[in-house]
Amino acid sequence: MKITFSAVRLPTRGALAVLVAADRKLLGSAKTLDKATGGALTRAMKASDFQGKKDELLDLVAPWGLDNSRLLLVGLGDPKKLKGRDMQAIGSAIVSHLNGVGETLASAAVDSLGGNTKAAAASAGHLAYGARLQSYRFDRYKTKKKPDHKKPLEKLSVLTEDTAEARRVFAPLDKVAAGVHLTRDLVSEPANVIYPKSLVQRAKALQGLGVKVRALGVAEMKKLGMGALLGVGQGSARESQLLVLEWNGTSSGTRGGRSQAGRPVAFVGKGVTFDTGGISIKPASGMEDMKWDMGGAGVVIGLFQALAGRKAKVHAIGVCGLVENMPSGAAQRPGDIVTSMSGQTIEVLNTDAEGRLVLADALWYVQDKYRPTAIVDLATLTGAIIVALGHEHAGLFSNNDELAARLTEAGTAVGEPVWRLPLGQAYDKAIDSDAADMKNIGNRAGGSITAAQFLQRFIKDDTPWAHLDIAGVTWSSKAKPTVPKGGTGFGVRLLDRLVKEHYES
Ligand code: BES
Ligand code: MN
Ligand code: ZN
């Protein structure tokens, strides 16, 4: 979808969306149109239940006296209470509605939200961002159009008085949306298309934006002693990879920025391109979902697209452990003991608890090589987090209250909420092993917590670290504002916000 900003001259073609405040108060262009049509808008509002409440839409098809195909009245509620996120939801609702009715050309008038043109322009930028986030479809494998197929909206023109300001607000948001769309693409692709090496290939597209992209293969990882990660991938015909991304947007190379003394901020992703469970195999029903067990890596890659796209003044490292967890004659067995890069040994009692094994070596690698000032890892790590938090919040675990608070604040601000769960000695004991330094499962109790405790054993104590368990939020079976169903991209906006607020110079 093409999005443009232009001055408020009401177009006569296509659909036209105009804004109405609470108690049917017509704003700016809506008022102009009501006069031009001899009060058609006022009569339509009266004839229907439309009050101008937030999230209310009233669709007037082929309005008398106008050449437009339709007028869409969009309820705002109290315009003074509108935040950026509310405008995003409005942009999303407009696109969602127009896609449903087959309009291909539309304009949305965001004028005089209470008189301040600059604020209205910022609102226009956020409306456009919501429209962009909503306009995502994953349909590349659909070769036949159904008879009732509706064309999606192709062009949206946002009308506002200060177009320069609107464009200034929208430009970086549009780059973040591109990152979200990339993540959605990556998690939606099936596992015959996305496997470790092909995911590395996809990430290499970011080189065009100035991101350094490297990948270590099995031979190099063996040299580094990454027995935990390699054990997971050893049953697969696809070679495991460690993907390393680096974006340095600070002016003085590795120095400068708010990142401490040149130390970068690091993001680590679980990239299990398919999780059968391995020899501890999963049931057949629903196993197809495990194509998105690389969701953590997908977020890290999408985040780097966003950061590089908007030229964020930050030094950031991304490390993703990419493996396919398969059962085969070469696969790891329950009871195998592996040695991680950290030197710690792990008894693999369940080959389906593989994400933590992959992350153990990825976390150690990033600390060993880059000494980051903070680490955030993302992983579709446990089914237990879905039992605990459902599909609304991601689970947050951290050894650092400040980092946890920052993530909580960022999540609330962008509408990707996280909920903190505890860590502690007593939970940690559950993964002590009789045969090795630790085992890769606890008992059934607190499954998401013991998984996080496992990860914490691979954090050098002074490094601020947070783990986001995104198993419940990576894929959505129902549409939400700005998030169509399917891959959500949850985490990209959250971490982009974290970087913007705390790690940029
Ligand atoms: N990838 C799964 C977790 C998962 C489950 C993600 C459902 C998304 C939706 C993970 O590798 C896994 O299998 N975890 C096991 C751990 C158990 C064996 C300790 C689980 O949650 O059952
Ligand atoms: Mn698993
Ligand atoms: Zn998994």
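Of the 505 residues in the protein chain, 56% are buried, where buried means under 20% relative accessible area, with a 1.4 Å probe and protein chains only. Keep in mind that this is a predicted model, in which local features need pLDDT of at least 70, side-chain atom pairs count only at pLDDT 80 or more, and totals for chains, interfaces and linings use all residues. Residues are numbered from 1 along each chain as its sequence is written, and side-chain values use heavy atoms, leaving out hydrogens and water.

Now for the overall build. You'll find 15 helices and 20 strands in the protein chain; these are DSSP runs, with helices being H or I of at least four residues and strands E of at least two. Along the principal axes, the C-alpha atoms fill a box of roughly 85 × 50 × 40 Å.

How does the chain divide up? There's domain 1 (2-163) and domain 2 (175-502), with bounds from an automatic or database domain assignment. Their C-alpha centres lie 38 Å apart. Still, the two do meet: 14 residues of domain 1 are in contact with 21 residues of domain 2, contact meaning heavy atoms within 4.5 Å.

Contacts also tell you how the chain folds back on itself. Among those in the protein chain with a separation of 6 or more, 77% come from residues 24 or more positions apart.

Conventions:
Chains are lettered from A and ligands numbered from 1 in the order in which they are written. Buried means under 20% relative accessible area, exposed over 50%, partly exposed in between (1.4 Å probe, protein chains only).
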